[in-house]
Amino acid sequence: MVKLTARQRKTLAKNIRLYKERIFPGKGSGNQLAAAMDVSPQVVSFWINNRRPPSDTEIGRLAAIFHTSIFELCGIHKPKLKKGKYPAINAIELLVMMHNSILNKSKTCTRAKIKIAKVKEFISNELADIF
């Protein structure tokens with residue numbers, strides 16, 4: 001699990017509120033986000049009020065719903081890289097997208113579950129090294 005600083009948790013709560021209002025305008029936007037995330041509206045309220053941050057997988061799902069990166073959502077700045085180097089951050093984002101794609105295509109396939117577990121473990125290890 002990724003450890004976010006207090007500032008990053010506050011930024012995450014603020015960004016969830018902002019993106020929620022953009023994606024689901026009007027009244028009941030918290031209920032719509034809760035339905036899209038398959039959680040209760042109270043959980044969304046906890047996230048927005050910074051009472052409880054979302055889990056790693058929930059952050060990934062939020063980023064996918066909001067069409068942004070997990071780093072943008074959490075207020076984590078990408079490191080500047082030297083010219084000609086492939087950014088490790090983009091590789092991690094690609095793995096998160098692959099994970100979501102595998103998860104969406106087959107929830108019952110045993111091989112897919114094994115691949116998902118390996119991808120989750122790899123992502124967690126890579127993120128831990130960055131922080």
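At 70% relative accessibility, His-67 counts as exposed. Exposed means over 50% relative accessible area, buried under 20%, and partly exposed in between (1.4 Å probe, protein chains only). His-67 sits in the loop between α4 and α5. Its phi is positive, about 55 degrees, although His-67 is not a glycine.

The model is predicted: local features need pLDDT of at least 70, side-chain atom pairs count only at pLDDT 80 or more, and totals for chains, interfaces and linings use all residues. Residues are numbered from 1 along each chain as its sequence is written, and side-chain values use heavy atoms, with hydrogens and water left out.

**Overall layout**

The chain has seven helices and zero strands. The order from the N terminus is α-α-α-α-α-α-α. Helices here are DSSP runs (H or I, at least four residues), strands are E runs of at least two, and numbering starts at the N terminus. Of the 131 residues in the chain, 34% are buried. The chain exposes about 8900 Å². Carbon and sulfur atoms supply 55% of that area. Accessible areas come from the Shrake-Rupley method with a 1.4 Å probe; for residues, only the protein chains shown count as cover.

Contact means heavy atoms within 4.5 Å. Among contacts with a separation of 6 or more, 55% join residues 24 or more positions apart.

In soluble globular proteins, nonpolar side chains tend to be buried together.

Trp-47 lies in helix α3. Trp-47 is buried, with a relative accessible area of 1%. Leaving aside residues up to four places away in sequence, Trp-47 touches Ala-13, Ile-16, Met-37, Val-39, Arg-52, Pro-53, Pro-54, Glu-58 and Leu-62. Ile-16, with the exclusion of residues up to four places away in sequence, touches Leu-33, Trp-47, Ile-48, Pro-54, Leu-62, Phe-66 and Leu-73.

**Helix packing**

Two packed helices are described by the angle between their axes and the distance between the axes. Axes are lines fitted to C-alpha atoms, for helices over the stretch in contact, and angles run from 0 to 180 degrees between N-to-C directions. Angles under 35 degrees count as roughly parallel, over 145 as roughly antiparallel, 65 to 115 as roughly perpendicular and the rest as oblique.

Helix α1 (residues 6–23) packs on helix α3 (residues 41–48) at about 125 degrees, with axes 7 Å apart. The two are therefore oblique to each other. From α1 come Ala-13, Ile-16, Arg-17 and Lys-20; from α3 come Val-44, Trp-47 and Ile-48. By class, this contact of α1 with α3 has five nonpolar, no polar and two charged residues. Ala, Val, Leu, Ile, Met, Phe, Trp, Tyr, Cys and Pro count as nonpolar, Asp, Glu, Lys and Arg as charged, and the others, Gly among them, as polar.

Helices α2 and α3 pack at about 110 degrees, with axes 8 Å apart. That makes α2 roughly perpendicular to α3. Gly-30, Asn-31, Leu-33, Ala-34 and Met-37 of α2 meet Pro-41, Val-44 and Trp-47 of α3. The residues of this contact of α2 with α3 divide into six nonpolar, two polar and no charged.

**Pairs apart in sequence**

| Pair | Sequence separation | C-alpha to C-alpha |
|---|---|---|
| Trp-47 and Lys-10 | 37 residues | 9.6 Å |
| Ala-6 and Asn-50 | 44 residues | 9.7 Å |
| Gly-60 and Ile-70 | 10 residues | 6.1 Å |

Ala-6 lies in helix α1. Ala-6 is partly exposed, with a relative accessible area of 49%. Gly-60 belongs to helix α4. At 8% relative accessibility, Gly-60 counts as buried. The buried residues in α4 include Glu-58, Ile-59, Gly-60, Leu-62, Ala-63 and Phe-66.

**Another positive phi**

Asp-38 has a positive phi of about 60 degrees, although Asp-38 is not a glycine. Asp-38 lies in the loop between α2 and α3. At 68% relative accessibility, Asp-38 counts as exposed.
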